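I opened the notebook for a single chain today. My plan was to look at one residue and then step back to the whole.

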Amino acid sequence: MEKRALVTGITGQDGSYLAELLLEKGYKVFGLRRRTSVPIMENIEHIKNDIEFIDGDLLDLSSLMQAVKIANPDEVYNLAAQSFVGTSWTQPGLTAQVTALGVTNMLEAVRLVKPEARFYQASSSEMFGKVMETPQKETTPFYPRSPYGVAKVYGHWITINYRESFDMFACSGILFNHESPRRGVEFVTRKVTDAVARIKLGLQSELRMGNLDAKRDWGFAGDYVKAMWLMLQQDTPDDYVISTGEMHTVQELVEIAFGHVGLNWQDYVVIDPKFVRPAEVDLLLGDCTKAKQQLGWDLEVGFEQLIKMMVDSDLEKYKG
């Protein structure tokens, strides 16, 4: 029988790669879509005719119940969120409603309409924040440093609570930073690769940055969505850290991106205090041993390959 999946946040970076993966595996894919005057379909333009869209909103429980009823899913992937850390300081209330309470609404809709469906929650390495140990694993205590991180901690724990309270198959993937050519330009990796392409083509003269010393564990989103799927294929639900186990500075990212097009980054990068966050997360480094051993998951795209792929994609976009 054809499996059915409901994906929230399907037009985002992760949602688009996950939708591709599920379609390849023969799933009937339903995407929850928040109504906007102009639909944002850039990431899924190539597969939109293969997806059945359902209008709904994480803040409206009745719409989520209706979506679960229509989709009748075997698997639910909750990827939707206010997902930009920087915006969570200027819109903390909205971030709390969507990124925290929205998870409760989605879980409740599944519990009331299709409790046997398997549920995936997109947790985040930002929950570790001011890290209590390095590398960070599933048992590392959380110490979030942004309204986004705090909201994600709530979403993570409410998923565990529903799993334990209602015997639901509910998992969380604690995903470390994962990027791709489909990443929004407000995120630092894409901000850099987009600017490098524009500077190389003479469309921009400088790149203004914040903290170049911040260290992150960056992977490829296309690899990470495979881990999401694998979590829902296990015999018992559990939570997993998904990461590369490698740490790189923002400066390394900048050096690779500029170097790929034959430019010296120091000629173009300007440090701007405006881009320094109120409370910085200095380093994130994940230990994905459990995912590798229990899920059989592994990476295919390395850090340098990822950054070069993103620069090439942005160059093509501006040339095209």
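The model is predicted.

Next I checked where Leu230 sits. I found it in helix α7, which covers residues 221-231.

Then I asked which residues Leu230 is in contact with, leaving aside its neighbours within four places in sequence. I got Leu295 and Trp297. I followed up on Trp297. It lies 67 residues from Leu230 along the chain, yet their C-alpha atoms are separated by 7.7 Å.

I moved on to the whole chain. I counted 10 helices and 13 strands.

For contacts with a separation of 6 or more, I noted that 78% join residues 24 or more positions apart.

I then looked at overall dimensions. The radius of gyration is 19 Å. A compact globule of 320 residues would have one near 20 Å, so the chain agrees with that expectation. Along the principal axes, the C-alpha atoms fill a box of roughly 60 × 45 × 40 Å.

I turned to burial and surface. Of the 320 residues, 52% are buried. The chain exposes about 13900 Å², and carbon and sulfur atoms supply 49% of that area.

Last, I looked at charge. I recorded 34 positive and 44 negative side chains. The centres of the two sets lie 3 Å apart.

Note on methods: Residues numbered from 1 in each chain as written. Predicted model: local features only at pLDDT ≥ 70, side-chain atom pairs only at ≥ 80, totals over all residues. Heavy atoms only, no water. Helix = DSSP H or I, 4+ residues; strand = E, 2+ residues; numbered from the N terminus. Contact = heavy atoms within 4.5 Å. Rg over C-alpha atoms; globule rule 2.2 N^0.38 Å. Buried < 20%, exposed > 50% of the residue type's maximum accessible area, 1.4 Å probe, protein only. Areas by Shrake-Rupley, 256 points an atom, 1.4 Å probe, with all protein chains shown as cover. Lys, Arg positive; Asp, Glu negative; His and termini not counted. Charge placed at Lys NZ, Arg CZ, Asp CG, Glu CD.
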